[in-house]
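Please keep the sequence and the model at hand while reading.

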Amino acid sequence: MGSSNSPESQANPPATTEATPCDARFLPPAWVHQTLRSGIVIPAHPLALTVNRKLDERRQRALSRYYLAAGAKGLAVGSHTSQFAIRRPEHGLFQPMLELAAITAQEHDERTASKTVLISGLCGETAQAMAEAKLARDLGYHVGMISLAALPQANDDQLIAHCAAIADVIPIFGFYMQTAVGGRELSQGFWRRLAEIPNLVGIKMAPFNRYQTLDVLRGVADSGRADEIALYTGNDDNIICDLLTPFEIASKAKTIPLRIVGGLLGHWACWTQKAVEQLRQCHAARDNAALYPQLLQLAAQVTECNAALFDVRNQFAGCIAGIHYVLKEQGLLQNLIFLDPREQLSPGQQEEIDRVRATYPHLNDDPFVAEHLDQWLA
């Protein structure tokens, strides 16, 4: 996903951390592997701001409570949907945002006897990304999802060295971000080598491109670690079909079956209760082919909604604002204020979101939010 935020490569690392690896590789608990491999809903967490562009802690916590109450089993904080500018010294919101989400998830887990997977976005060149990884690990995050947008000229050797260094600090999630909004093209060979890093636990595929998505799958199949790596869709334009497709990848020695098991999505930062239902239906369809026609119809409806939310007509200029607009209409957010004042809904985008919201009421969770909003804001 993309916005008008300044490039992450210009952001500064947290001042309180050191860019040094741990003495020993930090491994995730077994339950993290098991949960990710089972396939879960992971919303990409937005940022709640006051009218003065300060962190709105009450509504920030309400968002986390909403996602967890809706059935999400993971939270991704500090990625694009969180606004990359949280890292800038004049805002200083990277650490506070991660802390609030971790505290809220811990409270939820203690109250419900559950376990939430916490994923932190990691940005910048190696020193910055390692500093962010150490901070996230110290705050209780289980995985770091690496954006490579800050390394547009790096070759595969340099990219793999970058990722391997971070993997010594925290288990990592690969991330293929679409080139239209700041990502870079990545080779099939890169994905094979990335998958060979022992502390890689998953990959989010979000190139919004079927050929590049297949590059990731082929790389994983050739790595010999296909059974160990959790594959997640970030293709907000193709969510349901990604989750339904039984991929058969021809590798050097044999055909490797692969499944995209869950989603880590900006789209799922709103209408999250319905996302949980949709993922459950996709999992059920694996053993019941009769569900496929209904789900393929649903797939087209979800993609139409995403076109409005992500402002496809305007090259994704309003993709963050679109998610915020829905959350504001539901009462979870108080305003449409962003760190970058240029961030806003595009002309006609509000009307388009209102249209799909009215056309497909079965895809929104307005009644669920209305029932629990006061509780989450308390």
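How many aromatic pairs does a search of the whole structure find? The model is a predicted one, and the search finds seven aromatic pairs.

**Aromatic pairs**

Two of the pairs involve Tyr66. A pair of aromatic rings is described by the distance of the centres and the angle of the planes, and the table gives these values.

| Pair | Centre to centre | Angle between planes | Class |
|---|---|---|---|
| Tyr66 and Tyr67 | 5.1 Å | 40 degrees | tilted |
| Tyr66 and Trp376 | 5.4 Å | 45 degrees | tilted |

Why do the planes of Tyr66 and Trp376 count as tilted? Their angle is 45 degrees, and planes under 30 degrees apart count as stacked and over 60 as edge-to-face, so the pair falls into the remaining class, tilted.

Tyr66 belongs to helix 2 (residues 57-70), while Trp376 belongs to helix 13 (residues 366-377). The pair therefore ties together parts that are 310 residues apart in sequence.

Are Tyr66 and Tyr67 buried or exposed? Both are buried. For Tyr66 the relative accessible area is 0%. Trp376 is buried as well, with a relative accessible area of 3%. Together with Phe368, the residues Tyr66, Tyr67 and Trp376 form one aromatic cluster.

**A charge over a ring**

Another contact of an aromatic ring is made by Arg137, whose charged end sits over the ring of Phe26. The distance from the centre of that ring is 5.8 Å.

**Nonpolar core**

Which residues touch the most other members of the largest nonpolar core? That core has 133 residues, and the two in question are Leu36 and Leu258. Leaving aside residues up to four places away in sequence, Leu258 touches Leu217, Val220, Ala221, Ala226, Leu231, Thr245, Pro246, Phe247 and Ile249.

**Cysteines**

How many disulfides does the structure hold? The number is zero. Cys241 is in no disulfide, and the nearest cysteine sulfur, in Cys282, lies 8.7 Å away. Cys241 is partly exposed, with a relative accessible area of 25%.

Cys270, by contrast, is buried, with a relative accessible area of 1%. The closest cysteine sulfur to that of Cys270 belongs to Cys305 and is 9.1 Å away, which is too far for a bond. The cut-off matters here, because a disulfide requires two cysteine sulfur atoms within 2.5 Å.

How values were computed. Residues are numbered from 1 along each chain as its sequence is written. This is a predicted model: local features need pLDDT of at least 70, side-chain atom pairs count only at pLDDT 80 or more; totals for chains, interfaces and linings use all residues. Side-chain values use heavy atoms; hydrogens and water are left out. Rings of Phe, Tyr and Trp (its six-membered ring) pair if their centres lie within 6.5 Å; planes under 30 degrees apart count as stacked, over 60 as edge-to-face and the rest as tilted. Buried means under 20% relative accessible area, exposed over 50%, partly exposed in between (1.4 Å probe, protein chains only). Helices (H or I, at least four residues) and strands (E, at least two) are DSSP runs, numbered from the N terminus. A charge sits over a ring if NZ of Lys or CZ of Arg is within 6 Å of the ring centre and within 35 degrees of the ring normal. A nonpolar core is a set of buried Ala, Val, Leu, Ile, Met, Phe, Trp, Tyr and Cys residues joined through side-chain atoms within 4.5 Å. Contact means heavy atoms within 4.5 Å.
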